[in-house]
Amino acid sequence: MFLRIDHIGIACNDLEEKIALFSGLFDLTVVAREVNEEQGVKEAMLHIADGAGGASYIQLLEPLSADSPVGKFLAKRGEGVHHVAFGVPDVAGAMEQIGAKGVRLLDERPRHGSMGSSIAFLHPKDVGGMLTELVQSARPEQM
Ligand code: V0V
Ligand code: CO
(Lines give C-alpha, C1' and ligand atoms only; values in the text may rest on other atoms or scores of the structure.)
(Ligands and ions follow the chains in the order given, each with its own letter.)
Protein backbone atom coordinates (compact mmCIF):
# COMPACT_ATOMS: atom_id res chain seq x y z
CA MET A 1 0.00 0.00 0.00
CA PHE A 2 2.78 2.48 0.91
CA LEU A 3 5.57 3.52 -1.48
CA ARG A 4 7.77 5.20 1.15
CA ILE A 5 7.73 7.53 4.11
CA ASP A 6 7.09 10.81 2.28
CA HIS A 7 7.74 13.05 5.26
CA ILE A 8 7.83 13.48 9.01
CA GLY A 9 5.99 16.63 10.11
CA ILE A 10 7.55 18.61 12.97
CA ALA A 11 5.56 21.27 14.85
CA CYS A 12 7.62 24.44 15.47
CA ASN A 13 7.05 27.77 17.17
CA ASP A 14 9.53 29.48 14.86
CA LEU A 15 9.95 28.09 11.33
CA GLU A 16 13.12 30.03 10.45
CA GLU A 17 14.84 28.94 13.66
CA LYS A 18 14.06 25.27 13.03
CA ILE A 19 15.08 25.48 9.34
CA ALA A 20 18.46 26.73 10.54
CA LEU A 21 18.67 23.94 13.13
CA PHE A 22 17.75 21.02 10.84
CA SER A 23 19.70 22.20 7.80
CA GLY A 24 22.74 22.88 9.98
CA LEU A 25 22.63 19.61 11.91
CA PHE A 26 21.92 17.25 9.04
CA ASP A 27 23.06 19.13 5.92
CA LEU A 28 19.52 19.23 4.52
CA THR A 29 18.35 21.65 1.83
CA VAL A 30 15.03 23.48 1.78
CA VAL A 31 13.36 22.56 -1.51
CA ALA A 32 9.95 24.17 -0.99
CA ARG A 33 8.20 26.72 1.19
CA GLU A 34 4.47 27.29 1.29
CA VAL A 35 1.66 28.90 3.25
CA ASN A 36 -1.34 26.54 3.35
CA GLU A 37 -4.33 28.54 4.64
CA GLU A 38 -6.66 25.55 4.60
CA GLN A 39 -4.33 23.57 6.90
CA GLY A 40 -3.40 26.66 8.95
CA VAL A 41 0.35 26.32 8.43
CA LYS A 42 3.45 27.98 7.10
CA GLU A 43 5.77 25.15 6.11
CA ALA A 44 9.12 24.17 4.64
CA MET A 45 10.20 20.88 3.04
CA LEU A 46 13.79 19.72 3.64
CA HIS A 47 14.91 17.03 1.22
CA ILE A 48 16.44 13.89 2.75
CA ALA A 49 16.93 11.39 -0.09
CA ASP A 50 15.50 9.91 -3.27
CA GLY A 51 14.61 6.24 -3.07
CA ALA A 52 12.97 3.74 -5.41
CA GLY A 53 9.53 4.79 -4.16
CA GLY A 54 10.26 8.51 -4.45
CA ALA A 55 11.73 11.27 -2.31
CA SER A 56 11.42 11.76 1.43
CA TYR A 57 11.49 14.95 3.48
CA ILE A 58 11.32 16.59 6.86
CA GLN A 59 8.36 18.98 6.92
CA LEU A 60 8.69 21.88 9.36
CA LEU A 61 5.35 23.40 10.36
CA GLU A 62 4.62 26.72 12.04
CA PRO A 63 0.94 27.44 12.84
CA LEU A 64 -0.84 30.42 11.31
CA SER A 65 -3.07 30.67 14.38
CA ALA A 66 -3.47 29.23 17.87
CA ASP A 67 -6.71 27.41 16.99
CA SER A 68 -5.24 25.55 13.97
CA PRO A 69 -4.27 21.84 14.27
CA VAL A 70 -0.57 22.65 14.75
CA GLY A 71 -1.34 25.61 17.06
CA LYS A 72 -3.41 23.39 19.35
CA PHE A 73 -0.77 20.65 19.26
CA LEU A 74 1.97 23.10 20.32
CA ALA A 75 -0.14 24.40 23.22
CA LYS A 76 -0.88 20.87 24.42
CA ARG A 77 2.36 19.00 23.73
CA GLY A 78 5.02 21.53 22.70
CA GLU A 79 7.40 21.28 19.75
CA GLY A 80 8.17 17.90 18.21
CA VAL A 81 6.94 15.19 15.85
CA HIS A 82 3.40 16.03 14.74
CA HIS A 83 2.63 13.49 12.00
CA VAL A 84 4.03 10.79 9.74
CA ALA A 85 3.14 10.92 6.04
CA PHE A 86 3.20 7.87 3.76
CA GLY A 87 3.44 8.09 -0.03
CA VAL A 88 0.64 6.27 -1.86
CA PRO A 89 0.00 5.88 -5.59
CA ASP A 90 -3.68 6.83 -5.29
CA VAL A 91 -4.81 8.82 -2.24
CA ALA A 92 -8.56 8.41 -2.85
CA GLY A 93 -8.12 4.65 -3.25
CA ALA A 94 -6.00 4.44 -0.08
CA MET A 95 -8.62 6.43 1.88
CA GLU A 96 -11.30 4.01 0.75
CA GLN A 97 -9.25 0.92 1.63
CA ILE A 98 -8.18 2.19 5.05
CA GLY A 99 -11.59 3.72 5.85
CA ALA A 100 -13.19 0.32 5.17
CA LYS A 101 -11.11 -1.04 8.06
CA GLY A 102 -12.88 1.32 10.46
CA VAL A 103 -10.19 4.02 10.70
CA ARG A 104 -11.70 7.51 10.94
CA LEU A 105 -10.76 9.71 7.99
CA LEU A 106 -10.25 13.36 8.97
CA ASP A 107 -10.92 14.46 5.38
CA GLU A 108 -13.92 13.53 3.25
CA ARG A 109 -11.89 14.05 0.10
CA PRO A 110 -8.22 14.70 -0.70
CA ARG A 111 -6.91 18.20 0.10
CA HIS A 112 -4.15 20.33 -1.36
CA GLY A 113 -0.74 19.48 0.15
CA SER A 114 2.85 20.59 -0.16
CA MET A 115 4.44 20.80 -3.63
CA GLY A 116 1.16 20.15 -5.43
CA SER A 117 0.44 16.86 -3.68
CA SER A 118 -2.99 15.49 -2.69
CA ILE A 119 -3.26 14.61 1.00
CA ALA A 120 -5.64 13.13 3.57
CA PHE A 121 -5.31 12.53 7.32
CA LEU A 122 -6.26 9.54 9.51
CA HIS A 123 -7.35 9.97 13.14
CA PRO A 124 -4.38 9.42 15.49
CA LYS A 125 -6.56 7.53 17.99
CA ASP A 126 -7.20 4.83 15.34
CA VAL A 127 -3.51 4.50 14.39
CA GLY A 128 -1.82 3.85 17.72
CA GLY A 129 -1.58 7.53 18.65
CA MET A 130 0.17 8.53 15.40
CA LEU A 131 -1.41 11.27 13.29
CA THR A 132 -1.07 9.71 9.82
CA GLU A 133 -1.10 11.49 6.47
CA LEU A 134 -1.49 9.89 3.05
CA VAL A 135 0.30 11.70 0.21
CA GLN A 136 -0.08 11.32 -3.52
CA SER A 137 2.83 13.14 -5.11
CA ALA A 138 2.20 15.58 -7.96
CA ARG A 139 5.19 14.15 -9.81
CA PRO A 140 4.35 11.03 -11.83
CA GLU A 141 7.95 9.77 -11.66
CA GLN A 142 7.41 9.34 -7.93
CA MET A 143 4.42 7.03 -8.36
C1 V0V B 1 -4.05 15.60 18.52
N2 V0V B 1 -3.85 14.38 19.05
C3 V0V B 1 -2.76 13.84 18.50
C4 V0V B 1 -2.28 14.82 17.60
N5 V0V B 1 -3.10 15.89 17.63
N6 V0V B 1 -2.16 12.66 18.67
C7 V0V B 1 -1.04 12.43 17.96
N8 V0V B 1 -0.52 13.31 17.08
C9 V0V B 1 -1.11 14.51 16.87
N10 V0V B 1 -0.59 15.36 16.00
C11 V0V B 1 -4.67 13.70 20.07
C12 V0V B 1 -4.97 14.65 21.22
O13 V0V B 1 -3.93 14.59 22.16
C14 V0V B 1 -6.26 14.08 21.74
O15 V0V B 1 -6.01 12.98 22.58
C16 V0V B 1 -6.97 13.59 20.49
O17 V0V B 1 -5.93 13.38 19.52
C18 V0V B 1 -7.96 14.58 19.93
O19 V0V B 1 -7.30 15.79 19.85
P20 V0V B 1 -7.96 17.17 20.24
O21 V0V B 1 -6.93 18.03 20.82
O22 V0V B 1 -9.20 16.94 21.00
O23 V0V B 1 -8.47 17.64 18.85
P24 V0V B 1 -7.90 18.64 17.86
O25 V0V B 1 -8.97 19.63 17.62
O26 V0V B 1 -6.56 19.13 18.24
O27 V0V B 1 -7.76 17.75 16.54
C28 V0V B 1 -6.76 16.79 16.40
C29 V0V B 1 -6.79 16.32 14.94
C30 V0V B 1 -6.51 17.59 14.07
C31 V0V B 1 -5.72 15.25 14.76
C32 V0V B 1 -8.17 15.76 14.61
O33 V0V B 1 -5.24 18.11 14.43
C34 V0V B 1 -6.52 17.33 12.59
O35 V0V B 1 -7.60 17.27 11.97
N36 V0V B 1 -5.35 17.22 11.94
C37 V0V B 1 -5.25 17.02 10.49
C38 V0V B 1 -4.79 18.26 9.76
C39 V0V B 1 -3.44 18.73 10.19
O40 V0V B 1 -2.86 18.28 11.17
N41 V0V B 1 -2.87 19.71 9.41
C42 V0V B 1 -1.56 20.30 9.70
C43 V0V B 1 -0.48 19.67 8.89
P44 V0V B 1 -6.40 12.97 24.11
O45 V0V B 1 -5.64 14.11 24.70
O46 V0V B 1 -7.89 13.16 24.08
O47 V0V B 1 -5.98 11.63 24.58
S48 V0V B 1 -0.58 20.23 7.20
C49 V0V B 1 0.41 19.23 6.25
O50 V0V B 1 0.97 18.21 6.81
C51 V0V B 1 0.57 19.56 4.90
C52 V0V B 1 -0.01 20.79 4.30
C53 V0V B 1 1.34 18.67 3.98
O54 V0V B 1 1.89 17.66 4.40
O55 V0V B 1 1.42 18.98 2.75
CO1 CO C 1 2.39 16.83 6.23
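Start with β1 and β4: five bridges join them, and the two strands run parallel. Strands here are DSSP runs of E with at least two residues, helices are runs of H or I with at least four, and both are numbered from the N terminus. Two strands pair if DSSP finds at least two bridges between them.

The model is predicted, with local features needing pLDDT of at least 70, side-chain atom pairs counting only at pLDDT 80 or more, and totals for chains, interfaces and linings using all residues. Residues are numbered from 1 along each chain as its sequence is written, chains are lettered from A and ligands numbered from 1 in the order written, and side-chain values use heavy atoms, without hydrogens and water.

**Stay on β1**

Select H7. Pick I8; its bridge partner in β5 is V84. Six of the eight residues of β1 are buried, so the strand is largely enclosed by the rest of the structure. Buried means under 20% relative accessible area, exposed over 50%, and partly exposed in between (1.4 Å probe, protein chains only).

**Go to the cobalt ion**

Select ligand 2. The cobalt ion is coordinated by H7 (NE2), Q59 (OE1), H83 (NE2) and E133 (OE), at 2.1 to 2.2 Å. H7 lies in β1 (residues 4-11) and Q59 in β4 (residues 54-63), so this pair ties together parts that are 52 residues apart in sequence. H7 and Q59 are both buried. Donors are N, O and S atoms within 2.8 Å of the metal (3.2 Å for Na, K and Ca); water is not among the atoms, so sites may look incomplete.

**Finish in the nonpolar core**

Select I10, C12, L15, I19, F22, L28, A44, L46, I58 and L60. These ten residues make up the largest nonpolar core. Such a core is a set of buried Ala, Val, Leu, Ile, Met, Phe, Trp, Tyr and Cys residues joined through side-chain atoms within 4.5 Å. Helix α1 (15-26), β3 (41-51) and β4 each give two or more residues to this core. The most come from α1, with three.
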